[in-house]
Amino acid sequence: MRQDFLIVGGGVVGMAVAYGLARAGQRVTVLDERDDALRASRGNAGLTWVQGKGIGMPRYAELSLDAVQAWPAFAEELQARTGVDLQYERRGGVDLCLDADEAETRQAEYRTLQTVSPRLAREFEWQYLHRDELLEHLPGLGERVHGGTWSPHDGHCNPLYLLRALYAASLDLGVTLHPATPVQSVARRAGRFVATTPRGDIEAERIVIAAGLGAQTLAPMLGLSGAVRPLRGQIIVTERLPLIDQLPTPQIRQTASGGYLIGDTHEDAGFDKGVTLNMVNALAAKAVRIFPRLSQARLVRAWGALRVMTPDGNPLYEASKACPGAYNINCHSGITLAAFHAGDLARAILDDCLSQDFPQFSGERFHVPA
Amino acid sequence: MFRRSPHACQTASQVQIRVDGIAVSVPDTLSVAAAVLQVHGWQGYRRHHDGSPRAPLCLMGSCHDCLITVDGQPNRQGCLVPVAEGMQVERQGGGRHD
Amino acid sequence: MIESRHADIAIIGAGPAGMAAAVRLAEAGVHPVLFDLNATPGGQIYRQLGNPQVGAGVMGEEYQHGRSLVEAFARADIDYRPLSRVWWIGRKGTGYDLGVVQHRAQSWHAERLILASGAMERGWPFPGWQLPGVMTAGAAQILLKQGALLPGVSPVLAGSGPLLYLLAWQYLQAGQPPALVLDLASASRYRALLRQPRRAWHGRNYLLKGVRMIAALRRAGVPVLLGVDGIQAEGREAVERVRYRHRGHWKTLPAALLLTHFGVVPEPQLARSLAIPHRWETGQQAFLPERSEVLAVEERLWVAGDGGGIGGAINAEREGRLAALEVLQSLAGKAQDGLARERAALQRARRRDLEARRLLETLFRLPGDWLEVQPEDTLVCRCESVSRGEVERAITQGAAGPNQLKAFTRCGMGPCQGRQCGESVARLLAHRTAQSMDAIGYYHIRPPVHSVTLGELAAQQET
Ligand SMILES: Cc1cc2nc3c(=O)[nH]c(=O)nc-3n(C[C@H](O)[C@H](O)[C@H](O)COP(=O)(O)OP(=O)(O)OC[C@H]3O[C@@H](n4cnc5c(N)ncnc54)[C@H](O)[C@@H]3O)c2cc1C
Ligand SMILES: Cc1cc2nc3c(=O)[nH]c(=O)nc-3n(C[C@H](O)[C@H](O)[C@H](O)COP(=O)(O)OP(=O)(O)OC[C@H]3O[C@@H](n4cnc5c(N)ncnc54)[C@H](O)[C@@H]3O)c2cc1C
Ligand code: FES
């Protein structure tokens, strides 16, 4: 059957777009690699988070605000369609500052953001709280923590269940899924797009590259930017512990199953997604510094995953000029932005108005003039 | 419950430990899990996070169903900790969420 | 940064393989460091043999066989570290980093490494296997070795494999015969055996031993039922009844203790954690790490003993010695003439032994479709309480491999690190997607291989 869209990449970005397009009645085929491929979507922290986004690019912070506002309805819809509980919660969040320097820098950044964007000045709510004031949000917070920025916009979910729900809902809407089908090359032929795979060629009217780091090689084949690079993050998780009423932080959060997820590092390690003994030790030490009660908690999991980083760290939403009908979608906050990707972004792709609606995020910003 | 065989060699010394506050004497060659199986058996050993009752399955460190509190430290693998004189052992029969 | 302690040679595991390797190295004047989980050396088979709790009459001659090895190990100059959990393993430079907890966390760097971490009993789901009162035959045997502990009630034994019969026989010798032995091996095994007379001949000693044990049990009035093809444990807080299917009929038996055994497979965590390639071995029905004829996996890494494939205690001891010879050669940087004969003899014996073992594999083969016919709510993952139905639902929702499945269901995410469910999940995926076990593969295993607390790690960071 004729396919409207080929999506290359079955991560949270590709699946959110696939779901959005399928919901709009499109015939969609998703191509994905083998089970052991690089997948940021299976290794992230699960935050739906506004704080810290768009430093230097306020439009990104605004987009994140839009996304977290769309999240509750998005989560409810996915849950209703699939029965998968995303364990989504938006009760605010705290980005911790271990020392005074960090606290200074953070507040300065947020203030600058609000000076340049009137919308953020109005809508981005946050407050710096000292350690003692934070105790109400984070019972048992250690004494060697300076404080943190609190914001009501932030929340968290189980990113793995988000991925599962996107798969289940997409399959339910008739999306065709080809796992273990790595795309070797993509091309435009006779006005249509062809993906070459070990299982043969697969065609569609239009194509979305949502291949995470795979965009490095695939995107340039269609005149799109392949400028993404890996940035490793390591995360450790404890055994299940009694649930405590507390807010999530990017440094540590208790998941719905009770385990504490502790993250995450930023390391340039090429394509090595491994874990290192030093980092795991350091994360454990940080966790105990934040919550001394975790000293007796057992470590049950540790992993590394590669962030999909654009040169400036902001999302890349790009429509090909050379090959109209080809798009490239990359970002390093695919969980936060999922609600937006399935909604407004999928709509903009469908209506082919990506560059008009989201000009700030096009790949042109990376083209160095000759 | 498990009992010491009448054919046992008399080469083990006994140590005193407390299981749920009650002093018992067991051979010093046992693991904490084995000692609890001797004293109380498998029933009431532990409650899982889903509420189901659990007890040691493998006794060699692979299943993690022997979790127990040893000297105040919760969720130790009972089958990998040898008993020691004066050790305080608490079964997690009420679960860890109490 | 944390400072690492240095070792030229590290061995993980003090079973027959690790002990033999250490003893042989020490004989050559090389002194390895050896980490082992347990308080005393011996590994699984020779557990507690240094201070035996039950007489030879009960345990049988196989147990006694390890005496000289345990004694040699005790005498040898080895940096033996009991009660040490290797929770981390990783490559670093030309060697290996190890994270070890021995009372507290320590970091080690080893230039050469022998993995002798042995085997574990296969996780094999059936309804009720998570109930207190279900234990493995290996666990029951550990109680016997550790403290001469016998069940206070008459147990039902069920499953397949030599260990099941060995335990039944040991209980008989100890005056506590089982109520019943249910043999769950595939019904077609005898036919398979008849087709392989050569295999039967090579394994005749095993065959004879098995026949003798079964005869002894029957003489003592212990029913041994062959061809049982279903088992369930039932009860509220613990096992109250055992149900089994024999000749097409379900029968129910009041019982408080069900001891099961479904064969042993390599303990996978250390090798998997190093991402050593594995392949599915049909005979053993297990994923085995790929190693060369001389047990090498990498230039400075060897896998010896049952961790590399099930060969039994005698073979493990031989492999340990063989690995030691390879280490000596690697240290010398060239072939050692003096070791050639010793090595050839070990290899010959090893090949002969492994040939004989093929018989056991045929005899004790479990039914291949076992999992698919278990009720939907049978737990596959005990830690996270994930049922077979839930696993299959996730497969229909797009989980195409074990890792995606783990992400979708939490199956394999609990503290046992997938030891109990890894094989089952691969089997279910292979069945559902009509692919081979090798095409499906296994969970991506990362540290921690064993328990470690944040406090233990944090303390190390601060000193
Ligand atoms: C440690 C860490 C923590 C993070 N925390 C957060 C957080 O808290 N909140 C948040 O919003 N974001 C977070 N992120 C970022 C988030 O995980 C990513 O933005 C998101 O997962 C990216 O999704 P993706 O689909 O683009 O990439 P991926 O998940 O990497 O998916 C890309 C997919 O494309 C497939 N593919 C690649 N090449 C090909 C090819 N040639 N043919 C076919 N298929 C191909 C791959 O197999 C893969 O499935 C975190 C990331 C990391 C690493
Ligand atoms: C429960 C059980 C009972 C058995 N009983 C018998 C029997 O009665 N007769 C028989 O012939 N065979 C028995 N076997 C089969 C057994 O595998 C072999 O006979 C033999 O013990 C294999 O020797 P090995 O040296 O390869 O490994 P093992 O004897 O298994 O020794 C491996 C050692 O490595 C240690 N280890 C593993 N991982 C780590 C780690 N990460 N850190 C530190 N230490 C680690 C283990 O604790 C263990 O002490 C049994 C197997 C099991 C699992
Ligand atoms: S009983 Fe299985 S790990 Fe302790």
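The following is a conversation about the contacts and local geometry of a predicted model.

Biologist: What makes Asp65(B) and Arg382(C) a salt bridge?

Modeller: Their closest N and O atoms are 2.8 Å apart. The rule asks for a side-chain nitrogen of Lys or Arg within 4 Å of a carboxyl oxygen of Asp or Glu, so the pair qualifies. Across the interface of chain B and chain C the rule finds two salt bridges.

Biologist: Which residue numbers and what area describe the contact of chain B with chain A?

Modeller: From chain B, 11 residues are in contact with seven residues of chain A. The buried area is about 730 Å², and carbon and sulfur atoms give 43% of that.

Biologist: And what are the values for chain B with chain C?

Modeller: Here 39 residues come from chain B and 53 residues from chain C. About 3900 Å² is buried, with carbon and sulfur atoms giving 57%. On the chain B side, Phe2(B), Trp42(B) and Leu57(B) lose the most area to chain C, together 19% of what that side buries. The interface also holds 18 residue pairs in polar contact, with both residues at pLDDT 80 or more. Strand 1 (2-4), helix 1 (32-39), strand 5 (53-54) and strand 7 of chain B each give two or more residues to the side that touches chain C. That side divides into 19 nonpolar, 13 polar and seven charged residues.

Biologist: How do you know that strand 1 of chain B and strand 9 of chain C pair?

Modeller: Three bridges join strand 1 of chain B to strand 9 (residues 149-151) of chain C, and pairing takes at least two, so these strands pair. They run antiparallel. Phe2(B) has Pro151(C) in strand 9 of chain C as its bridge partner.

Biologist: Why is the contact of Asp245(A) with Arg91(A) called a salt bridge?

Modeller: The N to O distance between the side chains is 2.9 Å, and the cut-off is 4 Å, so the name applies. The two residues are 154 residues apart, and the pair links distant parts of the chain. Asp245(A) is in the loop between strand 13 (229-238) and strand 14 (252-254) of chain A. Arg91(A) is in the loop between helix 2 (58-82) and strand 4 (93-97) of chain A. Over all chains, the search finds 59 salt bridges.

Biologist: What is the omega of the peptide bond from Pro447(C) to Pro448(C)?

Modeller: Omega is near 5°, and the bond is cis. Most peptide bonds are trans. Pro448(C) lies in the loop between helix 16 (437-440) and helix 17 (454-462) of chain C.

Biologist: Where does the name "FAD dependent oxidoreductase" come from?

Modeller: From an unreviewed UniProt entry, which annotates residues 4-346 of chain A as that domain. In the model this span is 31% helix and 25% strand, and its end C-alpha atoms lie 13 Å apart.

Biologist: Which residues of chain C carry the feature "BFD-like [2Fe-2S]-binding"?

Modeller: UniProt, again in an unreviewed entry, places that domain at residues 379-430 of chain C. The span is 50% helix and 10% strand, with its end C-alpha atoms 18 Å apart.

Definitions and conventions:
Residues numbered from 1 in each chain as written. Chains lettered and ligands numbered in written order. Predicted model: local features only at pLDDT ≥ 70, side-chain atom pairs only at ≥ 80, totals over all residues. Heavy atoms only, no water. Contact = heavy atoms within 4.5 Å. Buried area = accessible area lost by both parts, 1.4 Å probe. UniProt positions renumbered as here; feature names shortened; annotations may be inferred. Helix = DSSP H or I, 4+ residues; strand = E, 2+ residues; numbered from the N terminus. Polar contact = N/O pair within 3.5 Å; in protein donor to acceptor, adjacent residues only side chain to side chain. Nonpolar A, V, L, I, M, F, W, Y, C, P; charged D, E, K, R; others polar.
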